[in-house]
Amino acid sequence: MDQFTLNLIVVGLSFALYIGIAIWARAGSTSEFYAANRGVHPVLNGMATAADWMSAASFISMAGIIAFVGYDNSTYLMGWTGGYVLLALLLAPYLRKFGRFTVPDFIGDRFYSQTARIVAVIALLVISITYVIGQMAGAGVAFSRFLEVSSSTGLWIASAVVFCYAVLGGMKGITYTQVAQYCVLIVAYTIPAIFISLQLTGNFLPQIGLFSSDASGTPLLTHLDGLLTELGFRTYTEHHANTLDMVLFTMALMIGTAGLPHVIIRFFTVPKVSDARASAGWALVFIALLYTVAPAVGAMARLNIINTIYPNGVTGTPLAYADQPQWMTNWENTGLLAFEDKNGDGLIQYYNEANAPAIAAESGWAGNEMTTFNRDILVLANPEIAGLPGWVIALIAAGGLAAALSTAAGLLLAISSAVSHDLIKSVLNPGISEKGEMLAARISMAIAILIATILGLNPPGFAAQVVAIAFGLAAASLFPTIMMGIFSKTMNSTGAVAGMLTGLVVEMVYIFTYLGWFFIPGTNTLPNTADNWLFGIQPASFGVVAAILNFLVAYVVLAMTKPAPAEIQELVESIRVPRGAGAAQSH
């Protein structure tokens with residue numbers, strides 16, 4: 001059986017499973033559509049949360065970014081996992097205690113203000129649409145290779161699949177679909193990693209293999225550092241980045257994680273307050289199964305790429321273009337990998353032009369000939385690079401798509417809930433029927449899919465980079481407001497709205513200045529380079545600065561206005577005692 005047919009069978013079976021689950025668990029009420037009728041077991045919710053969380057950024061993009069940058073990009077691992085600790089300790093049980101369906105629902109009621117609700121809806125839409133751009137772009141990359149179509153065609157196919165099961169199932173269907181998707185993606189991620197670790201180091205566990213010796217008897221990381229240095233690249237294991245930016249980026253990912261609306265709403269689906277904290281703990285366990293493997297996948301893939309191009313060592317004859325392995329040809333056909341024979345010798349030279357090694361001049365190299373290597377392809381290409389069996393390649397195709405589509409579905413649900421429940425039901429048309437609200441939720445989800453797909457055709461970066469921007473937006477806007485809503489009894493609606501608007505606007509202006517207004521290519525005010533960043537802080541790291549401004553503005557306004565009413569202060573006091581859960585309220 002050829003690889004294309006095998007891909008179709010494995011991916012097709014996984015899609016049939018997801019859509020079948022969505023039909024079986026179809027939402028029949030707003031409670032089921034928004035919160036799965038609050039009946040999800042904490043272990044299952046932890047698994048669904050992990051799938052919701054481990055998006056295209058985690059599965060497809062994170063290892064690729066770590067592979068090409070090394071130690072400095074361990075910030076993704078530290079920030080994302082640390083954020084779950086904050087979420088479990090500071091937010092999840094208290095929000096579940098409050099007994100609402102969505103984040104804007106909590107903000108609107110806690111700050112007794114429709115204005116606060118509307119601003120929260122706007123923030124949620126900006127965050128979620130930015131986030132889902134990365135997911136759809138990642139799904140497009142996966143589809144483009146394994147269905148042998150262009151990345152734009154793959155993006156439209158991904159949109160159609162998400163539409164089928166997300167619009168139909170709501171939170172109830174998405175929850176059980178995500179449980180299945182977690183099983184697919186974790187198996188797909190770890191099996192190739194185990195194979196590659198055995199090949200390179202003889203160790204079954206990639207986590208141990210990363211710190212073991214390879215076939216040459218040299219520690220794998222030492223060997224990789226040596227090859228990179230010979231080719232003019234930065235070492236893999238040393239710190240090279242701006243330390244301030246690195247710290248701020250990690251913090252932005254942490255507090256952004258704790259403020260992500262599509263993750264928070266997962267904790268509204270469990271029966272009890274204690275289950276919310278348990279769900280966060282289980283989610284962290286399930287996430288760790290992949291995150292502890294990612295650094296090994298990145299390092300081993302980078303080593304395999306260099307060994308493929310320089311089979312006889314850096315000083316030996318490089319790979320001839322005519323003799324390139326099939327995986328290179330396959331990815332060249334997608335446009336995500338490209339070569340240019342700059343010196344006309346028929347060989348592939350791969351090195352850092354900006355810091356060209358001595359061998360480049362000695363051998364007559366005319367520049368780096370790997371002109372395009374989209375980092376989002378690395379994990380998907382890994383089994384092919386390592387020469388693994390066809391079924392493993394098909395499995396990782398299904399896993400990559402499961403990761404992208406599971407998170408996209410969660411984000412789209414957060415968007416539709418905000419529009420139908422928080423905007424239409426709570427503000428514009430309080431008398432709308434349950435059937436009308438469900439229809440509005442599904443229509444808004446379909447529109448969000450269309451917008452995300454169009455923007456995903458030209459994303460402002462790799463999947464993980466786009467997602468990091470969304471985390472910065474969440475850190476700047478929703479996280480401080482939720483924290484003040486839980487832990488500041490006196491914080492009033494005027495202060496909350498002023499702070500939220502300040503954080504969101506400052507963060508958006510900073511991002512659009514460097515990445516283009518509304519992510520439209522060519523509309524950026526300044527080039528997105530370290531020389532132009534304020535104090536060397538990249539756009540994805542600026543969320544912490546904007547969050548601080550959010551807090552400051554909120555408390556300055558509070559000092560100039562009256563504190564929250566007594567009944568609101570009593571409400572805040574009650575939700576800080578996480579015992580029992582308020583019933584969900586439709587209003």
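Begin by selecting residues 42-53, helix H3, which has 12 residues and reaches 16 Å from its first C-alpha to its last, close to the 16 Å expected at 1.5 Å a residue. The model on screen is predicted.

Keep H3 selected and show the surrounding atoms. Of the 12 residues of H3, 10 are buried, so the helix is largely enclosed by the rest of the structure. To see which ones, colour Pro42, Asn45, Gly46, Met47, Ala48, Thr49, Ala50, Ala51, Asp52 and Trp53, the buried residues of H3.

Next, the salt bridges. How many does a search of the whole structure find? The search finds 4. The stops below take in these contacts by residue.

**Arg117 and Asp105.** Select both side chains: they form a salt bridge, and the closest N and O atoms are 3.0 Å apart. Arg117 belongs to helix H7 (residues 114-146) and Asp105 to helix H6 (residues 103-110), so this pair links distant parts of the chain, 12 residues apart. Buried or exposed, where does Arg117 fall? Arg117 is buried, with a relative accessible area of 4%. Asp105 is also buried, at 0% relative accessibility.

Asp105, Asp109 and Arg117 are linked in a network of salt bridges.

**Lys342 and Glu353.** Move to this pair, whose side chains meet in a salt bridge at 3.0 Å, N to O. Lys342 and Glu353 both lie in the loop between strand S1 (337-339) and helix H16 (358-362), so the contact ties together parts that are 11 residues apart in sequence.

**Lys489 and Glu573.** For the last stop, select these two side chains, which meet in a salt bridge at 3.5 Å, N to O. What parts of the structure does the pair tie together? Lys489 lies in the loop between helix H21 (478-487) and helix H22 (493-515), while Glu573 is in helix H24 (residues 566-575), so the pair ties together parts that are 84 residues apart in sequence. With the surface still on, Lys489 counts as partly exposed at 31% relative accessibility. Glu573 is partly exposed too, with a relative accessible area of 39%.

Definitions and conventions:
Residues numbered from 1 in each chain as written. Predicted model: local features only at pLDDT ≥ 70, side-chain atom pairs only at ≥ 80, totals over all residues. Heavy atoms only, no water. Helix = DSSP H or I, 4+ residues; strand = E, 2+ residues; numbered from the N terminus. Buried < 20%, exposed > 50% of the residue type's maximum accessible area, 1.4 Å probe, protein only. Expected span 1.5 Å × (residues − 1).
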